[in-house]
Amino acid sequence: MPRAAFVTIGTYVPDRVVTNAELTRYMDTSDEWIVQRTGIQERHWVEPGLGTSEMAFRASKRALDQAGWKAEDLDAIVFATLSTDHMFPGDGCFLNAKLGIPGVPALDIRNQCSGFLYGLSVVDAWIRAGVYRKVLLVGSETHSTGLDVSTRGRDVTVIFGDGAAAALLEATDDPDRGVLAVELHADGRHAKDLWADAPGSIHSPRITKEMVESEAIFPHMEGQKVFKHAIVRMPEVVRSVLAKAGLQTSDIKVLVPHQANLRIAETVQRSLGLRDDQVFNNIQKYGNTTAASIPLALSEAIPARGVKRGDLVALAAFGAGFTWGAALARW
Ligand SMILES: CC(C)(COP(=O)(O)OP(=O)(O)OC[C@H]1O[C@@H](n2cnc3c(N)ncnc32)[C@H](O)[C@@H]1OP(=O)(O)O)[C@@H](O)C(=O)NCCC(=O)NCCS
């Protein structure tokens, strides 16, 4: 049975770098507070008009060029984001049009920070079943246009950044390559612990002047609850997926945790007993880019940690929903 193997990852982040110092001009915060609580030093924000599907397109073009593939080689697109350009259709179709591949199916995934792993699970299942052989899996996020850039929203706003990363996956029969296992979870009892209420179809009309003037259009986060769940769920699911594959933490060449918060990633590392060289973080430069965070970090982890063909890569996610998961792949 074939498995899904990573071929390459292309990335794109907007040119505009927003430092912690810049944020202090808009809200009552400090570089010290942000670095101490989150590890973030800067993030990228889009200029007006640059959206989620366009960043995904730019990342995808890079991935295709790196692999020497043409867009026409793709059998399917899987697009993970919580920040679509429009309410519908999903960004998969906008990306399909930008890539110029009418007819190629485009699946939209909206599982927030776990979106890339939910997408990877689908891609792996398609490839194992022989449905498709070459798939583009993209995570792309435009947070900056939806953040409350005032003191009222500072707990959320300092954390999130914009960016995109696109992975190419192909069918392989090589037993030393490819996705070994993916495990996914959700607990909707916590759906409103990290969410944005509006615009939404439960409201009629979906958006009002009052919503725009209130907090309803901005993300709301129970930060401490998110923290407490993330540091339990991520190590738990990594251990579980390792057990399923008959592997141990010592077999991991590099773990790429979702870049939610450096303190969360460091706690996960301690809990799993991993050495510093077995974990990769880049939240310092990008903030939390949600669906883009794991592939954006993975693309840098491969050269930074000297990952070679056949090395074991572990991925772990936790985010809104709550949703979480982990994956193991041989590079
Ligand atoms: C958000 C988070 C950094 C807040 O840290 P915390 O230690 O829990 O801080 P608290 O929420 O208790 O707030 C402490 C104080 O800092 C203040 N504060 C919040 N954001 C601030 C900011 N950006 N700058 C300065 N002060 C801030 C609060 O208002 C509060 O002030 P008070 O004591 O006067 O009421 C932390 O909860 C966290 O990392 N949670 C996980 C978030 C996450 O990873 N989200 C993404 C999931 S995918």
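User: Why does Gln-112 count as buried?

Analyst: Burial is read by counting neighbours: a residue is buried if 20 or more other C-beta atoms, placed from the backbone, lie within 10 Å of its own, exposed if 12 or fewer, and partly exposed in between. Gln-112 has 24 C-beta neighbours inside 10 Å, so it counts as buried. This is a predicted model, in which local features need pLDDT of at least 70 and side-chain atom pairs count only at pLDDT 80 or more, while totals for chains, interfaces and linings use all residues. Residues are numbered from 1 along each chain as its sequence is written.

User: How many residues of H5 are buried, and how far apart are its end C-alpha atoms?

Analyst: The expected span of a helix is 1.5 Å times one less than its number of residues. Helix H5 (residues 115-128) has 14 residues and should span 20 Å, which agrees with its end C-alpha atoms being 20 Å apart. H5 is mostly covered, with 12 of its 14 residues buried, among them Phe-116, Leu-117, Asp-124 and Trp-126. Just after H5, Gly-130 takes a positive phi of about 80°.

User: How is the protein chain divided into domains?

Analyst: The bounds come from an automatic or database domain assignment, and they give domain 1 (3-172) and domain 2 (178-330). The contact between them, where two residues touch if their C-beta atoms, placed from the backbone, lie within 7 Å, takes 49 residues from domain 1 and 43 residues from domain 2. On the side of domain 1 that touches domain 2, the largest share, seven residues, comes from H5. That side divides into 21 nonpolar, 18 polar and 10 charged residues, where Ala, Val, Leu, Ile, Met, Phe, Trp, Tyr, Cys and Pro count as nonpolar, Asp, Glu, Lys and Arg as charged, and the others, Gly among them, as polar.

User: Which residues are closest to the ligand, and why does the ligand lie between the domains?

Analyst: A residue is near a molecule if its C-beta atom, placed from the backbone, lies within 6 Å of it. Here 20 residues surround the ligand, and the closest are Thr-29, Arg-154, Asp-155, Gly-223 and Ala-260. Helix H2 (31-38), helix H6 (154-157) and helix H8 (223-244) are the elements that give two or more residues to this shell. The shell divides into 10 nonpolar, seven polar and three charged residues. Domain 1 and domain 2 both give residues to the shell, so the ligand lies between them.

Key
Helices (H or I, at least four residues) and strands (E, at least two) are DSSP runs, numbered from the N terminus.
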